[in-house]
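Got a model open and wondering where all the labels come from? Let's go through them one by one.

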Amino acid sequence: MSEIVLEARQINKSFHDPVTAKVLSDITFSVNRGEFVSITGKSGCGKSTLLYILSTMDTNYEGELLIDQVSMRNKKETDLALVRNQKIGFVFQFHYLLNEFSVLRNVMLPGLKLHKYSEEEVEQRAMQKLKTLGIDHLALKKANLVSGGEKQRIAIARALINDPLIIMGDEPTGNLDKKNSDIVFNIFQQLTEEFKQTMLIVTHDQSFADRTERIIEMQDGRIISQ
Amino acid sequence: MINKLIISVAESLLMARWRQTLVAALGVTFSIAMFIALLSFMAGLNDLLDGLILNRTPHVRIFNEIKPSATQPIERDSAYANAHHFIHSIRSANSRQWLYNSGAIIQSLKKEEQVLGISPKLTAQVFFNDGSVEITGVINGIDVNAESKLFHFNDYIMAGSAADLTKIPNSIILGNELAGKLLADVGDVVVITTSKGEQFPLKVVGYFQSGLKEIDRTQSYATVGMVQKILNKPNDYITEIQVKLKDVNQAPALAKRYAKIYEVDAEDIQTANSQFETGSSLRTLISYAVGIVLLIVAGFGIYNILNMMIYEKMDSIAILKATGFSGSDVNKIFSVIALSIGIFGGIVGLITGFVLCYIIDQIPFSTPSLPTITSYPVHYNPTFYIIGIVFSLITTYLAGWFPARKASKIDPVIIIRGK
């Protein structure tokens, strides 16, 4: 039986500024290992807000969040940082690479932070990830000197460096043209099929969502189908 | 390893903005250099001014003061023990100015461990005869060797030689103002008249300049034996013993002890010259205040640049946090940036400060009152350099503290959503 890597129980969230508005209500779902899940919905339905809660970056919510069957409630900020470092890989809409570093260094950073392997090993692993994604020729370039599609692939390599439990994406193809979107999608698909990588992708791109294994649809802060 | 990572991230952030970083570091450099140059110069000046008086002043002076007895006869009378005494116009019965047993006191002092050296002295009030005019003056009888060794007597001799005082009988060294008034060159003879009316012709073997006009106008020096002869006193007659100690700070305590042991008056240098101490400490205080203000201004510069850097690097901070760097890691990164600006700027500042001191030290400076000084005085003291670097680290750390705290509190969600 497939094991649960991420579980949300009765998650509620409200914004209080300027007036109290409920953005998420009774979000309950779980993601199994190796699943390729997309969350869709119209702009403003709360899907990004949900993702930031699931990613532990937003701690201001009610309800229960379990990652790898461990509750994220009452964890200290440094512990949550460790969870993000170890178990979650991020891909954002805007690539968010550190322009001060080379491509290789960008990929290596979370690995160096985790400090599970020596610097040489992390470098080797980073090269391997870049090779898998077909961008190893960019390794020594500065991060601000590569194209948008390439940047997104570098960001995926970075998300993979610590062999995360789950990869979370916030509109990873939102800023890319059709060709690059397809490349990114194919990478995701390849990762789930070949490496049993769990994926949770927020997108409003219906054609993208349709090709994933499972779609969670949201409307006005509620899950309407999953 | 984690620290190595933090340092490498800090380094790249620094290098990405190396121009601003350089300006911030230059601010620290400038303030440290000025701090050191200012303090060294001020300390040099203090030494010079202290030297003007304190080098020539004995640490403890032993003498007999003419004063009325502390207990008057009436107070010893038991019949009036509880009465209030009205006594007016008390006279000093004991008028001896010389030190009894001076030989024994000197022998005993020489055995003391804290004593560096001893120089006996006696003074005679005389008139210098210049044609029909008489000029009042003082002849100090000194032990030339001890005086040169302990109180730098040689440094102030402008013409002639101090050693000639001992070699040539009936010789005298005049203050240069006094010599000018008497039109006496080295080799000339001046005639003095003692208070008892006796006249002595003395040969001028040199003149000195102390830097204090009042002294140069009235004082002159001869050997102890010569002055005893002028005063017609025996050869154990001296009025003062000058003691130089190994540690000047012990002077007050020792002065009290000597006064008790030898039943004489003893005055320490701190009491005699308290105004110099005050002047020195005030000047030092002012230089420290100016130096610290400079450093604080540099600190604000660093604060500004780090703040700007944080606004520019919001995205980077957000992504670092999203990929697993905790708030305290981000805090450390910015503290490292601030401290490395402080260390780099500080060390360059120390070197620049030293070079500045060296340059000041080379600028010619001569004043008639200080014959031994040829360039601006600078005091090289490692303490200033230590204070400078420590203070630069403290200010840069504090200047980095607030921006670093702010950076560590950045919420990655807001930045990432805000795009």
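This is a predicted model: local features need pLDDT of at least 70, side-chain atom pairs count only at pLDDT 80 or more; totals for chains, interfaces and linings use all residues.

Q: Why is Cys357(B) called buried?
A: The cut-offs go by C-beta atoms, placed from the backbone: 20 or more others within 10 Å of a residue's own is buried, 12 or fewer is exposed, and anything in between is partly exposed. Cys357(B) has 24 C-beta neighbours inside 10 Å, so it counts as buried.

Q: Which residues is Cys357(B) in contact with, leaving aside its neighbours within four places in sequence?
A: Contact takes two C-beta atoms, placed from the backbone, within 7 Å. On that test Cys357(B) touches Ile36(B), Ala37(B), Ser40(B), Val378(B) and Tyr380(B). Ser40(B) is 317 residues away from Cys357(B) in sequence, yet their C-alpha atoms are 6.9 Å apart in space.

Q: Where does Cys357(B) sit?
A: Cys357(B) is part of helix H14 of chain B. Helices here are DSSP runs of H or I with at least four residues, strands are E runs with at least two, and both are numbered from the N terminus.

Q: What makes His152(B) stand out?
A: Its phi is positive, about 55°, although His152(B) is not a glycine. Most residues other than glycine have a negative phi. His152(B) belongs to the loop between helix H5 (144–151) and strand S4 (157–160) of chain B.

Q: Is His152(B) buried, exposed or partly exposed?
A: His152(B) has 13 other C-beta atoms within 10 Å, so the label is partly exposed.

Q: What about Glu263(B): buried or exposed?
A: Glu263(B) has 10 other C-beta atoms within 10 Å, so it is exposed. Glu263(B) also has a positive phi, about 50°, without being a glycine, and its place is the loop between helix H10 (251–262) and strand S10 (265–268) of chain B.

Q: How do you know that S7(A) is mostly covered?
A: Strand S7 (residues 166–170) of chain A has 5 of its 5 residues buried. That goes for both faces, with Ile166(A), Met168(A) and Asp170(A) on one side and Ile167(A) and Gly169(A) on the other.

Q: What makes S7(A) and S8(A) a pair?
A: Strands pair if DSSP finds at least two bridges between them. S7(A) and strand S8 (residues 198–202) of chain A share 5 bridges in the parallel sense, so they pass. Met168(A) stands opposite Leu200(A) in S8(A).

Q: Which strand is joined to S7(A) by 4 bridges?
A: That is strand S6 (residues 88–91) of chain A, which runs parallel to S7(A). Val91(A) stands opposite Gly169(A).

Q: Why are S2 and S5 of chain A said to stand at the edges?
A: The open sheet has 4 antiparallel strands in the order S2-S1-S4-S5 (chain A). Strand S2 (21–32) and strand S5 (70–71) of chain A each have a single partner strand, so one side of each lacks a neighbour in the sheet. Strand S1 (residues 4–15) of chain A is joined to S2(A) by 8 bridges, with Leu6(A) opposite Val31(A).

Q: What makes the set around Val107(A) a nonpolar core?
A: A nonpolar core is a set of buried Ala, Val, Leu, Ile, Met, Phe, Trp, Tyr and Cys residues joined through C-beta atoms within 7 Å. The largest such set has 116 residues, and those with the most contacts inside it are Val107(A), Ile36(B), Ile302(B), Leu306(B) and Ile337(B). Helix H2 (residues 18–53) of chain B gives the most, with 13 residues.

Note on methods
Residues are numbered from 1 along each chain as its sequence is written. Chains are lettered from A and ligands numbered from 1 in the order in which they are written.
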